[in-house]
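This report concerns one protein chain. Please consult the sequence and structure shown here while reading.

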Amino acid sequence: MDVAATDDVTALAFQQMLAGRWATATAQRTTRDAGQPGVRLPCFLDLSQPVPTAAPPTIVSPASEDGPR
């Protein structure tokens with residue numbers, strides 16, 4: 001699956017949500033297409049292997065671009 005998003009934070013948060021439900025090979029960074037808005041992130045999902053629901057998925061909150069307050 002190829003995810004297109006407006007920014008890195010959105011694409012990586014979507015990937016994290018998918019990883020909480022299915023076996024997923026995660027990526028650490030997004031790519032940009034020259035002259036095109038937004039970012040792309042390839043996601044490799046195995047929909048036949050759901051993640052056990054014993055523990056709730058961990059959601060990583062994005063860091064503020066302004067730094068700590």
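## Model and confidence

This is a predicted model, in which local features need pLDDT of at least 70, side-chain atom pairs count only at pLDDT 80 or more, and totals for chains, interfaces and linings use all residues. Residues are numbered from 1 along each chain as its sequence is written, and side-chain values use heavy atoms, with hydrogens and water left out.

The chain averages a pLDDT (the predictor's confidence in each residue, from 0 to 100) of 77, and 71% of the residues score at least 70. Confidence is highest in strand 3, with a mean of 90, and lowest in strand 4 (residues 44-50), with a mean of 74. Helices (H or I, at least four residues) and strands (E, at least two) are DSSP runs, numbered from the N terminus.

## Strand pairing

Strand 1 (residues 2-5) pairs with strand 3 in the antiparallel sense over four bridges; pairing requires at least two DSSP bridges. Leu41 in strand 3 is the bridge partner of Val3.

In strand 3 (residues 39-42), Val39 and Leu41 point to one face and are buried (under 20% relative accessible area, 1.4 Å probe, protein chains only).

## Nonpolar core

The largest nonpolar core has eight residues: Val3, Ala5, Ala11, Leu18, Ala27, Val39, Leu41 and Cys43. Strand 1, helix 1 (8-19) and strand 3 each give two or more residues to this core. Such a core is a set of buried Ala, Val, Leu, Ile, Met, Phe, Trp, Tyr and Cys residues joined through side-chain atoms within 4.5 Å.

## Thr30

Thr30, in the loop between strand 2 (22-25) and strand 3, is buried at a relative accessible area of 16%. The side chains of Thr30 and Asp8 are joined by a polar contact of 2.4 Å (N or O atoms within 3.5 Å; within protein, one must be able to donate a hydrogen and the other to accept it, and residues adjacent in sequence count only if both atoms are side-chain atoms).

Definitions and conventions: Buried < 20%, exposed > 50% of the residue type's maximum accessible area, 1.4 Å probe, protein only.
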